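Me: I am new to reading protein models, and I would like to go through one slowly. Could you answer some questions about it?

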Amino acid sequence: MLALSDFAVFHIFLLLPALARNLRFDPRIASSQVQDGFQHKVVTELPLQRDTFSPEPLTKRDGTKYVFMHHTRKLVLDFYLNVAHFWCTRRYPYVYNNWLSDVQQISTMGVDAVALNIGSDTWQWDRVVDAYNAAAASGTGLKMFISFDYTSFVCDNGYATTNWTNYFAKYPAQFAVNGKPMISTYGGGYDCLGVANWKTVKANTNGYLMPFFWDSENTFKTDWAFLDSWYCWGCAWPQGDWDKNTTDDQYYIQQLGAGRYATTVSGWFFTHLSSKNFYLRGDDWLIINRWDELFQLRDQLTFVEMVTWNDYGESDYSGPFEGAQPAGTYWAQNYPHTAWISLSKYYITAYKTGAYPTITQDVVYWWSRPHPALATATGDSLGRPNGYNWADDYLWAAAFCSSTCTVTLTLGSSTQTFSNLAYGVNKLKLPLAVGTVGIKMVKGSTTVINASPTGFSVVATPSQYNYNVFVGAETATIAVTGTSSSILTSTTSSTSATATSSSTLFTSVGCVAEGTTGTRRALTGANYTNSAMTPAKCQSFCASYTYAGTEYSTQCYCGNSITNNGATGSVVASSNCNSKCGGDSSQSCGGSYYLNLYSKSGSSSSSTTSIASITSSTSSSKSTTSTSISTSPSTTKSSTSTTSTSSTSPSASASFSYVGCVAEGTTGTRRALTGANYTASSMTPAKCQTFCAGYVYSGTEYR
């Protein structure tokens, strides 16, 4: 084991579907299980003496970051379920040299260890030996550890888990934390080993436990308090028609406590089988935005898992396409994702060090689906996947500019030029159209990229549905010297926007609730990301707009009006805007889905509406009002509110004005109202208003 200051861990799975009954097994087998109608042999006794090694000590220090990469591809022996539902077997050797090649590729990402997920099949033992030996011989410093997949691995009293862990802990490539061999899982909680057996495993291995157990919510501080960590598998993707956010991360951080939560990051998800046919939203630069979210959360995280290296069946791979695929999975072949390897390296470095690295190479990353979301396939009996209508018809791109550049994207008849993009990562999108892709980057009068990628085109009518993406990267062949003082990302939809140096004076509106995407956002004009963001810089970017708003330390949004839908656009407590500015830690730059909002001097915020103030006047009639937002951050009522003194007694007969139906958050400070709360089986608006007589607002929810 190796002493490291920062870690990224690449999570590789060796899990295969369980073996058919006609295969031979070796003497290490002591029992069997029946699954899917077949007998599956399981390893419950392992040789205790093979090669012996003394791993180097590894010390986990404060601030250490780990990044796991999940690997689910069938590496050695694949079993495919054919149309007639019979298991057939084919051999695809994945031996020492394959491992050595993988180790060398993986290490270029800045990854520090590989997590090997194993099932019950006996051939896996020798392949794990190959992996450990290849890592040690590679000279890369890459390490290994085992992750047990209990959908296949034996559910016993923990004996097999203990034996595997203790045996491979001796190898020089073993990854450990503070001398404890890392143990990861997929499943194996209440449904398998259970609490008591896991305590025994930990005691007998001195292991560092970071499992993924499902159905464990609300038990992390009781039954599972002895776990060192726990990771959230599904948190890599949005689970509905919205952009990925950190609501689920915050939920589990609260559940687990500081330092115990691990989460995931991915670029895409699509699968199209009769057993599972669905799409999870990868639009709006999921892989980039998710990394940026994790960068903001890094002080609360220890582990991040990249999902995945080569799960072609679910389209979330980033490694090269190799070997045959399970029957029916056609959508990954000829759809490379390897460009995401170098893109992810940039963000892995940022996550590990706490600073985005300097961009010295001009490159445009791009990805696109091969047909419109609403296309009708001519020969696909399964039909569109669930979630197909969540997909947006765009080509997505990220221009990494080492200095000011102009990028032109072309897809068939759709073309757009994004002028004067600043140094940094510039997120761009182009409406989908039938045809092939063109990528051009110009610096000054020099064209540094002029590419017409081959192997991909968009069609209007596919023969089969494919909601996977083709991912490419076009790199500059000519170096052009340029300078820039900051990392800037400009996101546009139909026109490019250029930040100016205007010193237009803005005044503070306050902390404003923000939507999740598109028209749900409070400000829907241009938007920027800058690692050195400050309110002044954002206001400069938005000089041609009426409003400017900073969000989540590095983001800036502009607009001429404020969206109001009952939640978005509402002035909330300033404590919600708790992100320090990337360019000045003494200032606040919004929060997670909260804006520090500013308006130009002399402009009236009455051009848009917010949640109306609720008066405390003596009028008993209900009225629907919509008034302007106060320009004072400390003012919670609008300028038209009438104030009076209310009794704090629960029996007070305070009078409230009706505002309307307001969108509600999920928990804690995300809720619309964060004061007292009450539950009564006979709740009425009047009763709620009586309970809240000492407050300005009251609201009833869920009966």
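The questions and answers below go from the whole chain to single residues.

Me: What average pLDDT does the chain have?
Reply: This is a predicted model, and pLDDT is the predictor's confidence in each residue, from 0 to 100. In this chain 73% of the residues score at least 70. Taken over the chain, the average pLDDT is 77.

Me: How many contacts does the model have, beyond near neighbours in sequence, for the stretch 73-92, where the pLDDT is below 50?
Reply: Over residues 73-92 the pLDDT is below 50, and it also stays under 50 over residues 604-654, a stretch with 98 contacts beyond four places in sequence. For residues 73-92, the number of contacts beyond near neighbours in sequence is 65.

Me: How many strands does the chain have?
Reply: The elements of the chain are helices and strands, and the helices number nine.

Me: What percentage of the contacts between residues at least 6 apart in sequence join residues at least 24 apart?
Reply: The chain has 703 residues, of which 53% count as buried, and it exposes about 28,400 Å², with carbon and sulfur atoms supplying 50% of that area. Among contacts between residues at least 6 apart in sequence, the share that joins residues at least 24 apart is 75%.

Me: Which residue in S32 is the bridge partner of Lys580?
Reply: Strand S31 covers residues 580-581 and strand S32 covers residues 584-588, and the two run antiparallel, joined by two bridges. A hairpin of two residues leads from S31 to S32. Within S32, the bridge partner of Lys580 is Ser588.

Me: Is Thr329 buried or exposed?
Reply: Thr329 lies in the loop between strand S16 (303-307) and helix H7 (339-353). Leaving aside residues up to four places away in sequence, Thr329 touches Leu273 and Gly313. The relative accessible area of Thr329 is 12%, and buried means under 20%. Thr329 is therefore buried.

Me: What is the handedness of the link of Cys232 and Cys235?
Reply: A disulfide is a covalent bond between the sulfur atoms of two cysteines, and the structure holds seven disulfides. One of them joins Cys232 to Cys235, with an S to S distance of 2.0 Å, and both of these cysteines are buried. With 75 degrees about the S-S bond, the link of Cys232 and Cys235 is right-handed.

Me: Which residue is joined to Cys401 by a disulfide?
Reply: Cys401 is buried, with a relative accessible area of 0%, and Cys405 is buried as well, with a relative accessible area of 1%. Their S to S distance is 2.2 Å, and a disulfide counts when the sulfur atoms are within 2.5 Å. The residue joined to Cys401 is Cys405.

Me: How many residues apart are Cys542 and Cys558?
Reply: Cys542 and Cys558 form a disulfide with sulfur atoms 1.9 Å apart, and the link is left-handed, with -70 degrees about the S-S bond. The pair links distant parts of the chain, as Cys542 is in the loop between helix H8 (535-541) and strand S28 (547-551), whereas Cys558 is in strand S29 (residues 555-559). Cys542 is buried at 0% relative accessible area, and Cys558 also counts as buried at 0%.

Me: Is Cys661 buried or exposed?
Reply: The relative accessibility of Cys661 is 76%, and exposed means over 50%. Cys661 therefore counts as exposed.

Note on methods:
Residues are numbered from 1 along each chain as its sequence is written. This is a predicted model: local features need pLDDT of at least 70, side-chain atom pairs count only at pLDDT 80 or more; totals for chains, interfaces and linings use all residues. Side-chain values use heavy atoms; hydrogens and water are left out. Helices (H or I, at least four residues) and strands (E, at least two) are DSSP runs, numbered from the N terminus. Buried means under 20% relative accessible area, exposed over 50%, partly exposed in between (1.4 Å probe, protein chains only). Contact means heavy atoms within 4.5 Å. Accessible areas come from the Shrake-Rupley method with a 1.4 Å probe; for residues, only the protein chains shown count as cover. Two strands pair if DSSP finds at least two bridges between them.
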